[in-house]
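Hi,

Here's the structure I promised to pass on.

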Amino acid sequence: MIRFLVRRFSFGVLSVIGATFIVFVLSRLAGDPRNLYLGTGMITPEIWEQWGRDFGLDKPLPVQYWIWLKDAVQLDFGESIQTGHQAFETIKEKVPATLQLAGAAWVFALMVGIPLGVLSATKRSSAFDLTGRTFALFGQALPPFFLGLMLILIFSVTLGWLPTSQRGGWEHYILPMVTLGWLPAAAVLRLVRSSMLETLDSEYIKLARAKGVANWKVIWKHAFKNAAIPPLTMSALILASFLTGTVVTETVFAWPGLGRLVVTAINNNDFPVMTGAVLVFTVLYVITVFLVDISYALIDPRIRIK
Amino acid sequence: MVEAFSEPMKVNLPNGKTGISKYFQIVRRYPVIPLLIILVIFTFAIFSALIAPKDPEINSLRHRNYPPVWLDSEKDATEVAAGREAADFVLGADALGRDVFSRIVYGARVSLVVAAVAISAGLFIGSSLGLISGYFGGLIDEAIMRLLDVNSAIPFILLALMVVIVMGQSFTTLIIVLALSNWSGPARLVRGQALQIRTMDYVQFSRISGASDTRILVKHILPGTRNIIVVAATLEVGAVILAESILSYLGAGVPPPTPAWGSMISDGREYLLTGAGWWITVFPGFAIFLTVLAFNFLGDWLRDRWDPRLRQL
């Protein structure tokens, strides 16, 4: 088990290094960040030189990456080129908004996906099954930004029930939550459904039924407990996938989170914020995947040997 | 992906049944409706110039946000009062007075061409790496798998936006970015398949009789992965069209004024919010939705026919 953990952990570290290196090189290929200020008249040859020393821009790429990595490990991402603030502070400010949105969407995905999945497995070809499958179909074929805009059109513009954008009270969470959570809810639903169908088919369920256990008890206590393992493990991966999803959702709803911050940073080639944010995204992703791996290995010993 | 056809297929033929129920059976068993939608999209893409009633890139400021022809509007009245004929935009006009329907027709071309090229490129890279990884194993396998890890650890949209900034917004960039996004799925699938086939007797015999690695890979292992590659490709179409629309929406897709469904939606955003023209956004959205839905259905159907083991995809 220890060997397994060490192996998995080193893969994770390797992923983080690989991912940040690619992003770092790309950000430098986009041009020297100093070029952005050429038009403003702010830059004299002295300032150019000084910024080169300050930001390490005068050294070869791998050296620059190494310097960046050493600082980044100590949570120093450098200063934002746009605002001059510490990039780490800027990123830290935005993280709660994104985590709250992702958390809300995650709860939404589970609250919708699990009951609908169980219902459509136990009552096949019923109205529940049809609703569940239509819901899943829509989730997988609707572009998320279009879904968000349609929700705004219906609930904000036409009915006037909910705000169109920005962060605020609970009512601000509903539309972004549904937008971000619909596709994962569909995924959970499908997985719960197929997992339940498989479990309901097993011998011990038949035995329970034969003994005369009440139907709801068979479904929720006997079957669901076992059927829930794969969907629950996957739900952690869903949380990781939100990191990409938030970029779109935050853009549609003008949500002041990490996703929007990083899009702005990319457009301005603000490389300290950009690489820092990607580092945060990647680390969060790798940690989630690592935890999923461990929980799988704990549940299923066969995986450890591989 | 979508589970529509994954019910165990009933094999009882429509024996003795007549009329409507017979057609209903056919529609249930074969993806008739998705194929029809795909046919329409392909017709749009190939015969754009014949189908589109107007030029998709010609502005007409007089017709800004002109409502669809089947909606009664003040604009019609103003036009008639000014002694002109009311305009006939089937699905309305956008903020620059361009015909939404014509732009959707031409947009089909962008979506399909981008999807086709990006998927071919992604499949080629992915399945080559998967084959090599699964067949040779060892260090090569390890290296390729770690590359996959790194690839999945970078949020795709962020990588795409950065590549677009480095390379500039163009058709080629878009295709490279999308190919980068979809090589890992096929790579994993093909690797799994190659791992299995490698142990088959006929592969061992071939090796004993002195066949080279290349020959074994191309002649014996590649054919065995064909089904999985085709299924992966079909399932990938919907995902790639969605990804393309997301990039277009974020302003990183095909450069304007070429019509693309995603950028049309983003063009209409502010008019949707102010209530000045919902049709600019809604119709291209439905175009994406129907196309992706149709390809997902088709992909599921193919998967269930050829490779039911993939059902968890």
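Predicted model: local features only at pLDDT ≥ 70, side-chain atom pairs only at ≥ 80, totals over all residues.

Residues are numbered from 1 along each chain as its sequence is written, while chains are lettered from A and ligands numbered from 1 in the order in which they are written.

Chain A has 13 helices and zero strands (DSSP runs numbered from the N terminus: H or I of at least four residues for helices, E of at least two for strands). Its C-alpha atoms fill a box of roughly 85 × 60 × 30 Å along the principal axes. Of its 306 residues, 42% are buried, meaning 20 or more other C-beta atoms lie within 10 Å of a residue's own, with C-beta atoms placed from the backbone.

Now the interface: 42 residues of chain A are in contact with 37 of chain B (C-beta atoms, placed from the backbone, within 7 Å). Helix 1 of chain A gives the largest share of chain A's side, eleven residues. By class, that side has 31 nonpolar, nine polar and two charged residues (nonpolar is Ala, Val, Leu, Ile, Met, Phe, Trp, Tyr, Cys and Pro; charged is Asp, Glu, Lys and Arg; the others, Gly among them, are polar).

The largest nonpolar core has 165 residues (buried Ala, Val, Leu, Ile, Met, Phe, Trp, Tyr and Cys joined through C-beta atoms within 7 Å). A:Val262, A:Ala277, B:Leu158 and B:Leu161 have the most contacts inside it. Beyond its neighbours within four places in sequence, B:Leu161 is in contact with A:Val263, A:Ile266, B:Leu250 and B:Ala252.

Cheers

Methods
Buried ≥ 20, exposed ≤ 12 C-beta atoms within 10 Å, placed from the backbone. Contact = placed C-beta atoms within 7 Å.
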